[in-house]
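Let's take a walk through this structure together. Keep the sequence and the 3D view side by side as you read.

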Amino acid sequence: MISKSKIIQQPKNIKDVITIQPDVYYDNRGENIETFSTKTYKELLRSKNKKSPKFIVDSVSFSRKYTIRGLHGDHETYKLVQCLKGAIYVVVLDLREDSPTYKQHDAFYINDKNRHQLLIPPGCVNGHLCLSDECIFHYKLSKEYVPIDKQLSITWNDPEYNIFWPVSYSNLILSDRDRG
């Protein structure tokens with residue numbers, strides 16, 4: 001079977017962030033989604049003159065409505081992120097000092113209906129907000145998980161970046177780390 005996965009959006013504000021629509025097969029039983037294929041992603045990214053990272057770790061977070069996780073990342077790891085269940089608002093912030101989009105951010109709505117994936121390059125941090133009663137957020141990493149003390153970390157409401165989050169801030173659920 002030939003994959004129909006495709007790049008549907010080059011970055012809006014951030015250089016090198018790519019939105020991908022994976023191949024989804026629907027029938028009377030439901031759906032089957034090809035969430036990743038080394039061959040398909042090499043071909044997709046080659047078509048945009050990008051090199052496909054080798055992913056070595058998969059991780060999943062489960063969140064309740066109004067939970068914000070992040071903004072975290074590092075200088076070495078590519079991330080391929082997607083929402084397996086629910087609806088998520090994802091923010092990506094460019095912290096690469098040599099990037100033309102340094103200190104700019106972008107936001108994306110991804111959910112279990114549109115099935116969009118985001119390829120996030122090293123040097124960018126990301127965070128997400130669960131918009132539905134519960135969310136399952138999946139990410140593939142090109143490196144082993146970087147220890148917290150070696151990560152890039154920005155508080156979700158850092159005034160320097162003025163990031164919009166589409167909820168009342170009084171409802172937010174945050175970890176101690178993400179509280180700032």
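Which residues does Phe-137 touch, not counting residues up to four places away in sequence? Phe-137 touches Ser-59, Val-60, Ser-61, Val-81, Gln-82, Ile-88, Val-90, Ile-110, Asn-126 and His-128, where contact means heavy atoms within 4.5 Å. Before going on, please note that this is a predicted model, in which local features need pLDDT of at least 70 and side-chain atom pairs count only at pLDDT 80 or more, while totals for chains, interfaces and linings use all residues. Residues are numbered from 1 along each chain as its sequence is written, and side-chain values use heavy atoms, with hydrogens and water left out.

Let's step back to the whole chain. Its secondary structure comes to two helices and 13 strands; these are DSSP runs numbered from the N terminus, with helices (H or I) of at least four residues and strands (E) of at least two. The C-alpha atoms fill a box of roughly 50 × 40 × 30 Å along the principal axes. For 180 residues, a compact globule would have a radius of gyration near 16 Å, and the chain agrees with its 16 Å; the radius is taken over C-alpha atoms, and the globule rule is 2.2 Å times the number of residues to the power 0.38. Of the 180 residues, 49% count as buried, meaning under 20% relative accessible area, with exposed over 50% and partly exposed in between (1.4 Å probe, protein chains only). Among contacts between residues at least 6 apart in sequence, 77% join residues at least 24 apart.

Five strands form an open sheet in the order 9-8-11-6-13, with antiparallel pairing; two strands pair if DSSP finds at least two bridges between them. Its edge strands are strand 9 (105–111) and strand 13 (152–153), each pairing on one side only. Strand 8 (residues 87–94) runs antiparallel to strand 9 and is joined to it by seven bridges, and here Tyr-89 stands opposite Tyr-109. Strand 8 also pairs with strand 11 in the antiparallel sense over seven bridges, with Cys-130 in strand 11 as the bridge partner of Ile-88. Strand 6 (residues 68–73) pairs antiparallel with strand 11 over three bridges, and His-72 stands opposite Asn-126.

His-128 has a relative accessible area of 4%, so it counts as buried. Among the residues that His-128 touches are Ser-61, Arg-69, Tyr-89, Phe-137 and Trp-165.

Phe-137 brings us to the packing. The largest nonpolar core has 18 residues, and those with the most contacts inside it are Ile-88, Val-90, Val-92, Ile-110 and Phe-137; a nonpolar core is a set of buried Ala, Val, Leu, Ile, Met, Phe, Trp, Tyr and Cys residues joined through side-chain atoms within 4.5 Å. Strand 7 (79–85), strand 8, strand 9, strand 10 (117–120), strand 11 (124–130) and strand 12 (134–141) each supply at least two residues of this core. Strand 12 gives the most, with four residues. A second, separate core of 17 residues includes Ile-68, Leu-93, Leu-95 and Leu-172.

Finally, the aromatic rings. The whole structure holds seven aromatic pairs, in which rings of Phe, Tyr and Trp (its six-membered ring) have centres within 6.5 Å, with planes under 30 degrees apart counted as stacked, over 60 as edge-to-face and the rest as tilted. The rings of Tyr-89 and Phe-164 have centres 6.4 Å apart and planes at 90°, so this pair is edge-to-face. Because Tyr-89 lies in strand 8 and Phe-164 in the loop between strand 13 and helix 2 (176–179), the pair ties together parts that are 75 residues apart in sequence. Tyr-89 is buried at 5% relative accessible area, whereas Phe-164 is exposed at 53%. Tyr-89, Tyr-109, Phe-164 and Trp-165 form one aromatic cluster.
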